Amino acid sequence: MLMNSKKIIQVEHLKYEYPQSNQHLALNDLSVEINAGEWVAIIGHNGSGKSTFAKSLNGLLDLQNGSIVIDGLPLAMETVWEIRKKIGMVFQNPDNQFVGATVEDDVAFGLENQGIERAIMQTRVTDAIERVGMTDYTKREPSRLSGGQKQRVALAGIIAQQPEILILDEATSMLDPEGRREVLETIHQLKQETNMTVLSITHDIDEAASADRIIILDDGQVVDQGTPAEIFAYGQRLMALGLDVPYPEKLKAALTTLAVPMPSEYLTTERMVDYLWTLHSKM
Amino acid sequence: MNKLILGRFMPGDSILHRMDPRAKLVASFYYIGIIFLARSWPAYAVLFVFTMSLVLISKIKLDFFIKGVRPLLWLILFTVLLQIFFTRGGHIYWQWGFLTLTRYGLLNGAYIFMRFVLIIFMSTLLTLTTPPLSLADAIESLLKPLKAIRFPVYEVALMLSIALRFVPTLMDETTKIMNAQRARGVDFGEGGLFKQMKAIVPILIPLFVSSFNRADDLATAMEARGYQGGEGRSKYRILKWQTMDSLAMVAMAILTVILIVLR
């Protein structure tokens with residue numbers, strides 16, 4: 001993991017209140033710092049302010065309070081388009097973010113907005129489509145693609161724009177396990193090649209487990225943050241926050257009730273297997 | 001819904017499929033215009049041969065064109081009959097009260113019938129050989145001169161292409177909503193007119209609401225990808241005008257001359 005100490009995202013004292021929410025703050029004095037090249041998962045139950053936070057990062061929601069600095073640029077009216085070039089976002093619903101009439105048109109959409117020359121566009125679009133493994137579907141219409149394929153196209157559209165930050169706003173929540181795995185694998189590969197910063201807002205515990213750092217939001221505030229191992233060791237406390245826990249953690253809880261001795265730290269599936277088979281060996 | 005041939009696209013690889021959509025659009029409209037020049041049998045014969053040879057070139061089965069005419073058959077028959085019985089002049093064959101069967105009436109009826117068929121064939125040919133998206137591109141390109149009078153050409157074209165892109169998506173959704181409502185006991189296509197109209201409401205309202213949500217999501221996604229409006233955008237898709245298209249225009253001009261001569 002590359003940890004250059006450059007802070008690519010700095011958020012300080014962010015407050016946000018939706019109209020007609022009678023004084024309920026969606027974001028309440030939220031401060032977060034994210035390093036370049038880091039993969040951060042943001043988890044929290046519904047209504048904890050995750051999506052609000054994501055949308056305020058690239059100015060889709062007006063700042064009401066606090067400050068956001070992206071890659072040294074403070075977010076303001078004048079800089080918003082510059083910042084949007086740096087941030088690529090993949091949203092939840094595969095169908096509702098597909099702008100183009102065919103796969104290649106959709107991937108080119110972001111580049112057209114930047115007024116990039118057609119010759120450059122063509123190479124970038126072809127590359128991006130190839131990178132997400134959709135080359136055979138270049139001329140396909142969205143109505144003939146599966147949800148996972150549409151999300152991969154959305155990803156290709158972002159890749160073509162070559163942003164430094166990728167935000168996944170529950171990008172895998174409407175996919176089947178197969179599609180989810182495909183999209184996540186693509187993102188992992190991409191991250192290895194380009195070393196971009198990934199911010200994934202998710203309910204999916206496996207997605208969170210693959211992050212460098214997990215931030216837990218509750219009621220528009222950061223309640224806790226740490227490595228996946230630290231966070232998942234809370235076990236039951238995560239349940240109280242309305243979050244799922246990984247399978248080994250569930251197994252641990254079930255075995256503890258059967259009076260099987262269990263370590264307190266978080267175990268990955270492999271380490272759990274190792275632990276179990278060494279449990280009764282008298283070596 | 002599957003009976004609708006007009007507006008359907010048939011993938012293929014004929015000369016017509018490869019033509020510039022702008023040329024096709026202009027030529028089709030022009031052709032429909034000059035059909036009205038024809039007022040004699042030889043002229044109609046020329047038009048008929050011309051249309052049929054285009055159908056042959058397109059390599060699309062004639063069935064499709066016949067199917068395209070079928071939904072409009074009653075309208076055509078009604079119009080033709082009106083023409084036959086209410087046009088006066090020439091030799092009278094038969095008379096009964098205010099209905100007369102005259103030579104001119106019969107001729108007029110036959111002309112009207114031919115006109116209808118030719119127009120439907122031509123417009124079906126246009127939509128069968130041109131993907132809807134190319135048509136949207138063509139319309140955008142042809143509207144460009146209107147920019148001078150501040151007409152938002154680019155925005156209209158974007159709306160058109162987004163609308164086209166969402167047609168199948170919304171169709172699927174309509175089917176889903178209908179089935180979901182059927183599962184809850186809503187009867188579609190049952191009972192009298194008023195009852196049927198009431199049964200549409202449980203489809204229409206969810207469809208409307210979800211379209212609003214869709215539009216909201218789409219606008220957000222577009223903005224996140226840097227969409228600031230039509231200014232300063234480049235275009236990924238471009239239309240190429242080839243020799244073929246110029247030839248089509250020449251053919252139209254020749255056809256016009258022939259029709260004027262044969263009047």
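**Sheets, a pocket and annotated spans**

Colleague: What do residues 9-244 of chain A look like as a span?

Modeller: Residues 9-244 of chain A are 37% helix and 24% strand, with end C-alpha atoms 27 Å apart. UniProt lists these residues as "domain: ABC transporter", in an unreviewed entry. Keep in mind that this is a predicted model.

Colleague: How do you know that β1 and β2 of chain A pair?

Modeller: Pairing takes at least two bridges between two strands. Strand β1 (residues 7-16) and β2 of chain A have 6 bridges, so they pass that cut-off. Their sense is antiparallel. In this pair, Gln10(A) stands opposite Glu33(A) in β2(A).

Colleague: Which helix packs on that sheet?

Modeller: Helix α1 (residues 50-57) of chain A does, touching β1, β2 and β4 (65-70) of chain A. The direction of α1 makes about 120° with that of β1(A).

Colleague: Why are β2 and β5 of chain A called edge strands?

Modeller: The order of this open sheet of 4 strands is β2-β1-β4-β5 (chain A). β2 (27-35) and β5 (73-74) each have a single partner strand, so one side of each is left without a neighbour in the sheet.

Colleague: What makes the pairing of β7 and β8 of chain A count?

Modeller: Strands β7 (residues 165-169) and β8 (residues 197-201) of chain A run parallel and are joined by 5 bridges. The cut-off is at least two, so the two strands count as paired. Leu166(A) stands opposite Val198(A) in β8(A).

Colleague: Where do β7 and β8 sit in their sheet?

Modeller: That open sheet has 6 strands in the order β6-β7-β8-β3-β9-β10 (chain A), with mixed pairing. At its edges are β6 (87-90) and β10 (221-226) of chain A, each pairing on one side only. Helix α6 (residues 177-194) of chain A lies across β3 (39-43), β7 and β8, at about 140° to β3(A).

Colleague: How do you know that both chains line the second largest pocket?

Modeller: α1 of chain A and α9 (193-224) of chain B each supply at least two residues of its lining. The largest share, 6 residues, comes from α9(B). The pocket has a volume of about 480 Å³. Among the lining residues closest to its centre are Lys55(A) and Asp217(B). The lining divides into 5 nonpolar, 7 polar and 6 charged residues.

Colleague: What makes residues 246-262 of chain B a helical span?

Modeller: The span is 100% helix and 0% strand, with end C-alpha atoms 25 Å apart. Residues 149-167 of chain B are 79% helix and 0% strand. An unreviewed UniProt entry annotates both spans as "transmembrane region".

Methods: Residues numbered from 1 in each chain as written. Chains lettered and ligands numbered in written order. Predicted model: local features only at pLDDT ≥ 70, side-chain atom pairs only at ≥ 80, totals over all residues. Heavy atoms only, no water. Contact = heavy atoms within 4.5 Å. Axes fitted to C-alpha atoms, helices over the stretch in contact; angles between N-to-C directions. 1 Å grid on protein atoms, 1.4 Å probe; cavity = no way out; pocket = protein on both sides within 12 Å on 5 of 7 lines; lining within 4 Å. Points joined across faces, edges and corners; volume = space filled by probe spheres on them. Nonpolar A, V, L, I, M, F, W, Y, C, P; charged D, E, K, R; others polar. UniProt positions renumbered as here; feature names shortened; annotations may be inferred.
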